[in-house]
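Okay, thanks for coming, everyone. Let me put the structure up and walk you through a couple of spots.

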Amino acid sequence: MPLTDSDEIEYHLSFPLPYRTLFLIGLGILGWATNIHGLDILGVDVVSAMELRTDQHFNKPVITMHNPLALNHSKAVDLYRSSYRMVFDYSVFCFLSWLLYRMFTHGDLSLVDAYGFIPVITSLMVILILVCPYNIFMKSEREKFVATVWRCVLPPSNGPIHFSDVVFADIGTSFAKVFGDVWLSLWMLKRGNSILFPPVQDGWMYWIFPTVMSFPFFLRLRQCLIEYRTSGSDSQRHLFNALKYATSFPVIFLSAAQRTVVTDLVQEKGSSIRSEAWHGEHPLFRLWLLAAVVNSLYSFWWDVTNDWGLELLKFNPPKSAERQVPKPLLLSRLHSSTSSLDRNSPELLSPEQKYGPFLGEYPRYRRRQSCHGLRPILLYPRAIYPILIFLNLLLRMTWSIKLSSHMHSFRDGSVLFFWLEVAELVRRWLWVFIRVEWEVIKKAREEVPTIALDERSGEESEYEFPTLPDTVLAILYDGGKAAEEEPRLLGTVENSLGLADWLKAQGHEFIVRQSVDDYSILALTRLKAEVLITTPFHPGYLTRELVEKAKNLKLCITAGVGSDHIDLNAAVDHRIQVLEVSGSNVVSVAEHVVMSILLLVRNFVPAHEMIERGDWQVSDIARNAFDLEGKVVGTIGAGRIGYRVLQRLVPFDCKELLYYDYAPLPAAAAEAVKARRVEDLKTFVSQCDVVTVNCPLHEGTRGLVNAELLKHFKKGAWLVNTARGAICDKDAVAAALKSGQLSGYAGDVWNVQPAPKDHVWRTMKNPLGGGNGMVPHYSGTTLDAQARYANGARSILENYLTGKPQDPQNIIVGIGKYETKAYGQR
């Protein structure tokens, strides 16, 4: 039932054009979020396919990583969650503005234009927030959006054009009418105009509206021409794609010329012709209609055939029976010296085994024998494709009408056109799913020989593509700007332990992942990583549950010292080797221990805080400052680090140096540092002024320093822990410090890393307001230490990949057994 004039007026009163425009923009952001979310749910690696950046420093170089499918899952989660949050904030802001507008206007025609400044201010605030340089309201996301817009508006003339920019520009063409509405909204707010009626534009102003609408098509056309100039054998496709966007201009500008049509017909037939929509007797109208039909049908054909890769409308669709089986390709990996390849002969391998390296780019995709008109590889349920083809045709035809500016010169029908705009955004939302799917398949097909796809048959058969052996997964931390500026920060994602180029040259897959919670289920199970590299500083925790899921895992390397973040018993049970770079950071940690002891004993932190505050009261500091000389210092653990701590304490002329360990030091070593072993832990701590923890974390040491043991410490003793945070009971330590049982606690290890912001160790103090020497976990990751453990990790990895024996001192867990007592008596 058509709307009456009163219905139209009420519609404009309650929901004027500026707010409709803001609504459509919000709907577009929501569509983007649901695209990423939906693709991620469907198992498509949208981050790699669209070359999306998810880090905070989006301008830094992208690290070359291979087969990054599953590890990008959590990046996609971050993307769509941040997009949903942006939609929510934007929607709330616009909704509150609309409520304010409705509250002031009360649906009164005479008040609407008086309060037209409300949507103006709302729109200006949205723009100001978008370009705001301050770190508020999702600054990183805003900067990425602005950078993408800038790349689309001013792309490099010599390329490349990124796929994500192509998709973004294509989405922009669906907003062509919205851009026009933005211009109309601004013009409506000009003095003398009304937000209820389209403004009258004469002369050159009349052509601004179609020019604004054509701008997104111009940007996309230019992208195609750049791709045409810079591409090789595929250049004709880009030229024909450019032609598709070029067909939009006649529709838009011939539509604008329809004013001439109406003027001519009014002179012939009278003013009644203005109310008619059909003017077929005029050549300009017929030309516009032809342009609209050509644009709609050509765009539909291109969507189905090229953007979606479907065979329905192809002039010469490929026939599976005619496919030629190519000669097997000889892979560079077959010339590798890795043991995993030496044990198989190419002539004896199945198609899955022969072409596993090629097929590794596919996620857990399933291949279906598709029906006529689709394609052999479908990632989604087959039934949805015919539905999407039909909807695309229907909405393509209506979209060309919406591109026609003369259809909007009347107020009547604006409700219908608004919903057509919504329908176009829905069409584009559906288009993105199939477009990204086809891009993923095309990228993989560049690597996958046809024989690997054809040597399987069977109606409705489904299988998983195999993945590449010898996949190395590294769990590191994002070093941000510091890692960009300092290449010696090797333990970061950016610098990747210096392994990326070396592993790539060897023909192995190297995946670098940030150390966040859900990395391992996806990366270890989907990608079937054979080698896992972690560090103790931002550890990727490998639990028994994950070990049981990681069917292909053979080796865990700790780049550093300390492998307690791995369930070692599970590694034994599943015959997974665990190695660490023993000795790589022992000097670094030992120096940090001595520094921490001095920091506590000399009451340094409160003294420095006093200076920062601008105060100067020496007595407040000196009342709790002491000399290390003459004190009894003891270490729990006298291994590589503990012994070096004792060595470095010798020149301080301590009263006595003690150690507590499950095994005594060699006599000569103990004599060299004049250290005495105390076999009972309670007796040991009761004799020490300073206790330093330098033992591994395992079942026997977890919670070793607890409330009961702290009762046996000397009143006012100092405790330093650079071993593992879980060796000390966090609440018991905080309580002992607060009561004065401990004068100070220092270290860089926490029971959970990174430590939560509300961790009690961050802010705990002794009764005098000092005694806290906690820092992030960095004692063992100085630049010197990073060079040592990066080289050590490479050596361990090289030995594994070439079948050479490992250095025995690095082996924590061998094949089905422990190789050291350092992690407890087993």
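**A sheet and a greasy patch**

So, strands E1 (residues 471-476) and E3 (residues 531-534) run parallel as a pair, joined over three bridges; pairing here takes at least two DSSP bridges between the strands. Helices (H or I, at least four residues) and strands (E, at least two) are DSSP runs, numbered from the N terminus. Within this pair, Ala-474 sits opposite Ile-533 of E3.

Quick housekeeping: this is a predicted model, with local features needing pLDDT of at least 70 and side-chain atom pairs 80 or more, while totals for chains, interfaces and linings use all residues. Numbering starts from 1 along each chain as its sequence is written, and side-chain values use heavy atoms, leaving out hydrogens and water.

Zooming out, the open sheet has six strands, ordered E2-E1-E3-E4-E5-E13, with mixed pairing. What's at the edges? Strands E2 (509-514) and E13 (811-813), each with a single partner strand, so one side of each has no neighbour in the sheet.

Helix H35 (residues 783-802) packs on that sheet and touches E1, E3, E4 (555-558) and E5 (577-580); contact means heavy atoms within 4.5 Å.

Now, the patch. Phe-88, Val-92, Phe-95, Leu-96 and Leu-99 make a nonpolar surface patch of about 480 Å². Phe-88 belongs to helix H4 (residues 73-105). Why is Phe-88 called exposed? Because its relative accessibility is 55%, and exposed means over 50%, buried under 20%, partly exposed in between (1.4 Å probe, protein chains only).

Lastly, buried residues are 53% of the chain's 826.

Notes. Patches are made of residues with over 30% relative accessible area and no salt bridge: like charges are joined within 9 Å, nonpolar side chains (Val, Leu, Ile, Met, Phe, Trp, Tyr) within 5 Å. Accessible areas come from the Shrake-Rupley method with a 1.4 Å probe; for residues, only the protein chains shown count as cover. A salt bridge is a side-chain nitrogen of Lys or Arg within 4 Å of a carboxyl oxygen of Asp or Glu. Axes are lines fitted to C-alpha atoms, for helices over the stretch in contact, and angles run from 0 to 180 degrees between N-to-C directions.
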